[in-house]
Amino acid sequence: VSEIIAFMNMKGGVGKTTLAVNVAYTLAKLSSKRVLLVDMDPQMNATQYCMSMKQVERILKDKNQSIFGLLNNEYSLKINKTSNSGDYQRKISDEDALKGKRKKDPWIHRVSNNLDMIPSTLEVMYLNLSSTPHKLRRYLKNQIDGEYGYIIIDCPPTISPYTKAALLAADKYVVPTKAEVFTTLGLPLLQRYIEQVILDASGHDLEFLGVILNMVDERRKMYKKGKASLSEKYKNKLFESELSNREDIAKAIDDDLSKEKYLFEIKNPEVKNEIINITKELVRRLKK
Ligand SMILES: Nc1ncnc2c1ncn2[C@@H]1O[C@H](COP(=O)(O)OP(=O)(O)OP(=O)(O)O)[C@@H](O)[C@H]1O
Ligand SMILES: [Mg+2]
């Protein structure tokens with residue numbers, strides 16, 4: 001069984017994508033298990049982070065190579081039916097066939113050793129997800145379960161059908177946030193949403209793993225105040241490991257092809273240690 005974890009906060013720009021992508025990358029590096037990153041946000045930030053310009057162009061041209069294809073009933077049913085002979089054919093090597101491996105679905109792309117991703121596309125906005133909110137979960141649980149040790153889902157900062165589908169697909173969630181009083185104010189709102197829409201209305205269990213502080217600047221008063229109020233409210237649900245506010249991180253994303261866009265590959269050992277510590281702490285919290 002895979003651990004399915006959503007990175008969620010209704011506040012925008014707090015580091016959901018940065019942390020989801022980099023935790024996924026670091027997990028793939030540190031663990032022997034395979035990792036799948038799912039971009040559920042039509043803004044495509046995680047997709048642009050991980051895919052090359054060429055890949056992004058290809059995905060924009062053929063939306064079925066993204067989560068759109070998976071969630072779009074017409075297409076996903078068609079390729080299931082025609083997978084052996086029909087118009088859609090993906091070659092599977094003899095070796096993989098012998099091992100009984102499934103053919104890769106067209107929406108799964110390789111990012112690095114051990115890390116695959118399902119990219120997003122702007123056009124998921126045109127899908128009617130409200131009628132099939134459980135489709136992503138069924139796919140992750142029934143069709144690809146066992147292929148990945150960890151599945152990380154990057155959510156948009158909205159109350160939307162995509163966020164709902166992501167939260168219904170996940171078993172657990174973490175909340176990246178900035179350590180500033182005003183950005184942490186939205187957290188009770190998020191928890192109320194999760195309780196009402198996910199737990200009560202759908203009967204789906206979703207475990208809260210904790211809050212991760214991002215863009216930390218220990219010199220700032222806001223940090224101290226924000227952290228004090230968070231640790232009072234969330235106690236042991238506040239991650240001890242944090243990600244500092246650093247220019248290398250903001251710059252990393254601009255770099256299309258460099259491997260160093262991943263924090264794990266950044267030469268600065270402090271940045272690398274921070275993302276390793278956050279990832280290890282997440283794994284510890286999964287086991288609790
Ligand atoms: N620790 C950090 N230090 C410096 N810049 C950071 C850090 N974390 C994230 N950023 C930058 O802040 C911006 C927002 O980060 P990110 O996209 O990860 O947030 P988000 O919560 O996913 O946003 P959205 O709500 O739009 O999806 C990005 O430009 C990112 O490069
Ligand atoms: Mg994001």
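## Two helices that cross

Helix axes here are lines fitted to C-alpha atoms over the stretch in contact, and angles run from 0 to 180 degrees between N-to-C directions. With that in hand, welcome to this predicted model. Helix α8, covering residues 161-169, and helix α10, covering residues 187-202, have axes that come within 11 Å and cross at roughly 60°. The crossing of α8 and α10 is right-handed.

On the α8 side, the contact is made by Lys164, Leu167 and Leu168. Their partners in α10 are Tyr193, Ile194, Val197, Ile198 and Ser202. By class, the residues of this α8 and α10 contact comprise 6 nonpolar, 1 polar and 1 charged.

## The shell around ligand 1

Now for the ligand. Ligand 1 is surrounded by 19 residues, and the closest are Lys16, Thr17, Thr18, Asn214 and Ser244. The shell around ligand 1 splits into 7 nonpolar, 9 polar and 3 charged residues.

Which helices each supply at least two residues of this shell? They are α1 (16-30) and α12 (247-252). Of the contributors, α1 gives the most, with 3 residues.

## Polar contacts and burial

Some polar pairs may be handy when you look at the ligand pose. A polar side-chain atom of Asn214 sits 2.9 Å from a nitrogen atom of ligand 1. Backbone atoms take part as well: a polar one of Gly13 is 3.0 Å from an oxygen atom of ligand 1, and a polar one of Arg246 is 3.1 Å from a nitrogen atom of ligand 1. Taken alone, ligand 1 exposes 620 Å², of which the protein buries 81%.

How values were computed
Residues are numbered from 1 along each chain as its sequence is written. Chains are lettered from A and ligands numbered from 1 in the order in which they are written. This is a predicted model: local features need pLDDT of at least 70, side-chain atom pairs count only at pLDDT 80 or more; totals for chains, interfaces and linings use all residues. Side-chain values use heavy atoms; hydrogens and water are left out. Helices (H or I, at least four residues) and strands (E, at least two) are DSSP runs, numbered from the N terminus. A crossing is left-handed if the near helix is turned anticlockwise from the far one by less than a right angle, and right-handed if clockwise. Contact means heavy atoms within 4.5 Å. Ala, Val, Leu, Ile, Met, Phe, Trp, Tyr, Cys and Pro count as nonpolar, Asp, Glu, Lys and Arg as charged, and the others, Gly among them, as polar. A residue is near a molecule or strand if one of its heavy atoms lies within 4 Å of it. A polar contact is a pair of N or O atoms within 3.5 Å; within protein, one must be able to donate a hydrogen and the other to accept it, and residues adjacent in sequence count only if both atoms are side-chain atoms. Accessible areas come from the Shrake-Rupley method with a 1.4 Å probe; for residues, only the protein chains shown count as cover.
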